[in-house]
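Colleague: Hi, I'm new to this one. Could you walk me through it?
Modeller: Happy to, let's have it on screen.

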Amino acid sequence: MKIDVVGHRAVPMRVIVCGLHRTGTSSMRTALRQLGFHDCYHMATVFEKVDEDPQLWIRAFEAKYAGKGSFTKADWDHLLGLSQACCDLPAAVFSAELAELYPDAKVVVLNRDPDSWYESVLETVNRVMAPSSLGAMLVRLYTFLLDPQTRNWMRFTRVMASLAMPFDHAKERGKAIAWFNERYAEFRERIPAERRIEYSVKDGWAPLCEHLGVPVPMVEDEQTGRMVEAPFPHVNDRVSFAISAGRHRTRTLSRAHKNLLNLVGRLCATGALGYGGYLAWKTRLGGRF
């Protein structure tokens, strides 16, 4: 993968979290916000910028895994230039490259037991990505045909899965866990130990804040009025993930319905104009004979 060291950013890259999906990345993103690192690029960011970012990530994946073109430092600055941190897919599989591109950024290796990670992905991401019923497949086809944002998203996830995650998560447990372990081995092999901390969201604020050089966040205790350590955020558990996925499906369907109505309206308007033109033509002919 070709890397160009020339580029500009809106904000400095300060923290690179080597954390794959379902390792506590949403909690880490929330924690980094509390510590003043705005913003942390996350898979949720791709949702928020689905009109543009999927195409950029497709280019990045093709450059790294398929040798197609290049993705330069300027490209990374354009893609991540508003973010002071990054974690979760898709950025996580580029963690080593990003650490090399941004040598002043602190690195956090966000760990989770591989078996627990596998089960969590199986019960959350895999269920969303692999519809199990005919009805769910038809809904996906309907939204793909009628919603450009869905098409962007599905192209992005297809390229990411085929190039960076070449296994069937539900059927190939061994390959999935091997892939997980290989990614973390790459983090540790390519990123110097003095730049990184081995961390889990279960470890709380103290080691994270010490590594990042920021104070532990404090809040006022409602009962005593004293300043106490803020609770570490734990978000996006399996129940929360399912609720969020349901809301996303609802928004996607709403856009598809709206686009369908707009399409029908345009077709009706075109038909009416065409018919009006036909009548005018007939009237003109009738007046001439």
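Colleague: Is His21 buried or exposed?
Modeller: His21 counts as buried, because its relative accessibility is 7%. Buried means under 20% relative accessible area, exposed over 50%, and partly exposed in between, with a 1.4 Å probe and protein chains only. One caution: this is a predicted model, where local features need pLDDT of at least 70 and side-chain atom pairs count only at pLDDT 80 or more, while totals for chains, interfaces and linings use all residues. Residues are numbered from 1 along each chain as its sequence is written, and side-chain values use heavy atoms, with hydrogens and water left out.

Colleague: Where does His21 lie?
Modeller: His21 is in the loop between strand 1 (15-18) and helix 1 (25-34). Helices (H or I, at least four residues) and strands (E, at least two) are DSSP runs, numbered from the N terminus.

Colleague: And which residues is His21 in contact with?
Modeller: Leaving aside neighbours within four places in sequence, His21 is in contact with Asp88, Leu89, Trp117, Val121, Val125, Met165 and Trp179. Contact here means heavy atoms within 4.5 Å.

Colleague: Which strands does strand 1 pair with?
Modeller: Strand 1 pairs in the parallel sense with strand 3 (residues 85-86) over two bridges, and with strand 4 (residues 106-110) over four bridges, also parallel. Pairing needs at least two bridges found by DSSP between the strands. Ile16 stands opposite Cys86 in strand 3, and Cys18 stands opposite Val109 in strand 4.

Colleague: What comes on from strand 4?
Modeller: Strand 4 pairs in the parallel sense with strand 5 (residues 196-199) over four bridges, with Val108 opposite Ile197. Four of the five residues in strand 4 are buried.

Colleague: New topic: which residues touch the most other members of the largest nonpolar core?
Modeller: Among its 48 residues, those are Ile16, Trp57, Phe61, Trp76, Leu98 and Phe156. A second, separate core has 22 residues, including Ala31, Leu110, Cys209 and Phe232. A nonpolar core is a set of buried Ala, Val, Leu, Ile, Met, Phe, Trp, Tyr and Cys residues joined through side-chain atoms within 4.5 Å.

Colleague: Last one: is Leu141 in a helix or a strand?
Modeller: Leu141 lies in helix 8 (residues 134-146). Leu141 is partly exposed, with a relative accessible area of 46%.
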